[in-house]
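I opened the notebook to record what I looked up in this structure, entry by entry. The entries follow the order in which I made the look-ups.

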Amino acid sequence: MPAGVMIPARNMPSMISGNGNVTGFGTSSGLILGQIMFQPNSMMEGQLHPLEMTQNTSESEIARMRDEEFDSTTKSGSENNEGASGNDQDPRPKKKRYHRHTQHQIQEMEAFFKECPHPDDKRRKELGRELGLEPLQVKFWFQNKRTQMKTQHERQDNTQLRTENEKLRLDNMRYREALSTSSCPNCGGPTAVGQMSFDEHHLRLENARLREEIDRISAIAAKYVGKPMLNYPLLSSPMPPRPLDFGAQPGTGEMYGAGELLRSIGAPTEADKPMIIELAVAAMEELVRMAQMGEPLWITSLDGTNSMLNEEEYIGTFPRGIGPKPTGVKCEASRETAVVIMNHINLVEILMDVHQWSTVFSGIVSKASTLDILSTGVAGNYNGALQLMTAEFQVPSPLVPTRESYYVRYCKQHAEGTWAVVDVSLDNLRSSPTVRCRRRPSGCLIQEMPNGYSRVTWVEHVEVDDRGVHNLYKQLVSSGHAFGARRWVATLDRQCERLASVMATNIPTGDVGVITNQDGRKSMLKLAERMVISFCAGVSASTAHTWTTLSGTGADDVRVMTRKSVDDPGRPPGIVLSAATSFWLPVSPKRVFDFLRDENSRSEWDILSNGGVVQEMAHIANGRDTGNCVSLLRSANSSQSNMLILQESCTDPTASFVIYAPVDIVAMNVVLNGGDPDYVALLPSGFAILPDGTTATAGGIADAGSGGSLLTVAFQILVDSVPTAKLSLGSVETVNNLIACTVERIKASLSCENA
C-alpha cells in the first residue's frame, strides 16, 4: 500500500453534523480532539484517515514522513481552537493538522491487536492512558487496522480463487478435448454427448442401481470368504449394533428354554454365507412378484374374499428357490393387503428389530431370536440388511403345535417410499433330518401413502407337517386363518392403532374414567402390553415348555405346567401353576368376546369376584373398535380390598383376546402417575377367541352370525410363595376345579343367550 494512503473510519457520519462540525462529544476537549483528528468537509466527502500501517513502505520512510508532517503542524492546541473558530468567519476551508503516532505507540498497539482486535471502551481507555493517546485515537487506529487486515485477507482469497479458477479452466479444456475424440465402445462410432433419449437415461440409471446392488452383495460375500474387498465404499455399519435376543420375549423377564430347533443349529459357516446371500436375493425377487402378480398365479375364490395359490403355475414361474416340496408336508399360501396407520419407515424398523417384531406380533410369535447379522444395511437405514433368525410361531392354544423355523431375513428398498422384507428358510444348511415347517419366500411389500399411512401386501407361503394339530383346530389351520397372511395383516393393523393411541395427545376429557395424563397412559399401556405378552407366551404348545395332561380327574382336556419365579420384579416369587383348556362353542366369536370383556357380565363367570358387581374405574381406548381398550376394574365384593384388576381386550377379524391380572392398588397409583411399570408383579389369566374355520367369510370375528368359536381359557395362579417348595396335588386339584367351573359357567351363560 503506498505511503500516505488513508482508510475511512467506520461509523463516523453519525458523529458529524451537516455543517461539518464534530458532534456527539459532551466536553470541549472532545470537540478540540475531533477537530484535531478530522477535516469536517473532507469527512463529509468520504476522504480517508491517515494510516500508519503500510505494506510497501520502509520504517525510515515512515519516520521521514512523520517528521515532515510534524513540522507542518507545529501550532498548539489553542491555535487549533482559534483556527476552528475562524472557520465560522472564513468560508474557505483550512488545512487541518494530523497527529502521527510514535513508533513505540504503533508497536504497542500492534501487539495489543494480536491479542484483542476488538477492545471495549475500558480497554481502549487503559491503552490510551499507557501510550498517552485519547481513547478516540485508539478506537480509530483499531478500526483502520481491522480494515487493513480485511483487505489483505480478501486479496489473498482472490488470488487463491483466481488460481483455482485457472486450474478448473484448464481441466475443462482437457476434458472437452478428450470428449471430442471419444468413441462408443460398442459400435466404435463417435459419441453424441447430450443427445441421450429419456428411455436410455432411465436404463442407465437402472443399470447403475443394479450394479451397485451386485457390488454390495458381492462385497458381503467376499468379506465372509476371505477375498479382498475392493472399490466398495458403501459397505459399512452406519447403524449401531443391535442386541441379540436368545429365546426370551422382551419385557417378560422369562426364558423358557432354547427349544429343539435353536439347540440343533449354530452360526453358519464361512462357506455357507455366500449361498445364504444368493438365496436371499432370489427370495426378494420372488416375493415382490408374488405380491404384485394376479391370475393365473393367484386364483380368486368363488365368493371373492380369498386368493389361493396355483401350485403348478408357481413351480413353472419360480423354478429356483429352496427346492421341491418334501413328502408328507402340506402347502399353505395366502396373500392379504391392507392400509395401516403407520409410516413405512417405522414399519421397516419394527420388522427388522427382533424385539419390536416379537412384541407387535406376540399373539403369533411365541419366541424369536437373531443368530447372526450378515449386513446392517447401507446409507444409515435397513436397505440391504441381512439377518439370520429363528422363530417359533403359535396359535394361542395348547392343542396346536408351534412351528419352528430357521431362516434369513432380507430387507431392501425398491424405490422411493417402497420397501420389502422377505424371509426364506435355511433348513438345508443344518443336519437335522426332520423338517416340520419350511418357509418359502414370505414377507411383505410396504408402500408409502399420504398422511403417515402405508399399504402393506403380505405373502405367507409355508410347507408344514400339521399332523399334530388337534381335530378341534384342523379346520381353522387348514383354512389358512391360523397362520396365514390375513392373521398377520389383521394383527399389524390392530397394533398400529394401539401404537397410535399411545402417541395421541388430543384425548377427550368429557368422558368419565378416561385417563388423560399422557405419562400415565404410556405407563399403563406398557404394563398391559407386558401382561398380554406373558399370557400369549404361556398358553401355546411351545417346545420350550411342557404341558402335562391331568388324568384320573375326568378333565383330560386340561393341560397344566409349573414354573418357578425367582428374582423377577415383574412376577411374584414362588411356584406358579398354569392351566389351560380349549373347547368349541356354538356361538359367534364376536358374541363370546363381548360377553367376556363386559364388566357387567363378569360375575356370571368369574368365581373370584364372589358374584359381586364389578365396576370400571378407568380405561384407555386404543383402536377403532370399542372392544379394543385397557381397563382398570374393581370388584365390590372382593375379599382383597387393596387389589384392582388390569384388563386388556383386543379384537380383529382373525382373533380376540380378553386378558386380565390382579394388581396392587398402590402400585397402580404409581403407574397412573407415569411411574415405571416394569416392577409391577403380574400373573395374567384370560381368554383367546378364534373362529372355528367353518365359515369362509372375510369378516371372521366381525360377523356376529357366522360360525362357531374356539375358546381357550388359561389361568396362572401362585400356589406357593416359596420357590423351592414342592407342588401339592391339592393345589393342582384346586386349579383344575377352578378352570372346569369357569368353563361350565361360560357355556351355561352363552347357551342361555343363544337360546
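**Entry 1: helix α14**

I began with helix α14 (residues 471-478), whose buried residues are Y473, L476 and V477. These three lie on the same side of α14, because they cover an arc of only 95° around the axis. I take the arc as that of the directions from the helix axis to the C-beta atoms. Buried means under 20% relative accessible area, exposed over 50%, and partly exposed in between (1.4 Å probe, protein chains only). Helices (H or I, at least four residues) and strands (E, at least two) are DSSP runs, numbered from the N terminus.

I note that the model is predicted: local features need pLDDT of at least 70, side-chain atom pairs count only at pLDDT 80 or more, and totals for chains, interfaces and linings use all residues. Residues are numbered from 1 along each chain as its sequence is written, and side-chain values use heavy atoms, with hydrogens and water left out.

I then looked up what the buried residues of α14 pack against: β5 (330-340), β8 (403-415), β15 (574-585), β20 (685-691) and β21 (709-720). Contact here means heavy atoms within 4.5 Å. After α14 comes G480, with a positive phi near 90°.

**Entry 2: helix α6**

I asked which residues of α6 (residues 121-131) are buried. They are R124, L127, G128 and L131. They sit on the same side of α6, because their arc around the axis is only 100°. On the face turned away from that buried side I found the exposed residues K122, R129 and E130. The cover over the buried residues of α6 includes α5 (103-115) and α7 (135-180). G132 follows α6 and has a positive phi, near 75°.

**Entry 3: strand β17 and its neighbours**

I recorded that β17 (residues 629-635) is largely enclosed by the rest of the structure, because six of its seven residues are buried. Two strands pair if DSSP finds at least two bridges between them. Strand β16 (residues 614-621) runs antiparallel to β17 and is joined to it by seven bridges. Within this pairing, A621 has C629 of β17 as its bridge partner. Strand β18 (residues 643-651) also pairs with β17 in the antiparallel sense, over five bridges. The bridge partner of V630 in β18 is E648.

**Entry 4: salt bridges**

I counted a salt bridge where a side-chain nitrogen of Lys or Arg is within 4 Å of a carboxyl oxygen of Asp or Glu. The search of the whole structure gave 22 of them. I examined E110 and K145, whose closest N and O atoms are 3.1 Å apart. This pair links distant parts of the chain, with E110 in helix α5 and K145 in helix α7, 35 residues apart. E110 is partly exposed at 22% relative accessible area, whereas K145 is buried at 8%.

I next examined R174 and D171, a salt bridge with closest N and O atoms 2.5 Å apart. Both residues lie in helix α7, three residues apart, about one turn of the helix. R174 is partly exposed, with a relative accessible area of 46%, and D171 is buried, with 18%.

About one helical turn separates them, because they are four residues apart in helix α17 (residues 589-597). D594 is partly exposed at 28% relative accessibility, and K590 is partly exposed at 28%. Elsewhere, salt bridges that share partners join R409, D423, R439 and E460 into one network.

**Entry 5: backbone and loops**

Most residues other than glycine have a negative phi, and most peptide bonds are trans. I therefore looked for departures from this. The peptide bond from E295 to P296 is cis, with omega near 10°. P296 lies in the loop between α10 (272-292) and β3 (298-300). N451, a residue other than glycine, has a positive phi near 60°. N451 belongs to the loop between β11 and β12, and it counts as exposed at 74% relative accessibility.

D557 is partly exposed, with a relative accessible area of 36%. Its C-alpha atom is 9.3 Å from that of L399, 158 residues apart along the chain. Not counting residues up to four places away in sequence, D557 touches A580 and T581.
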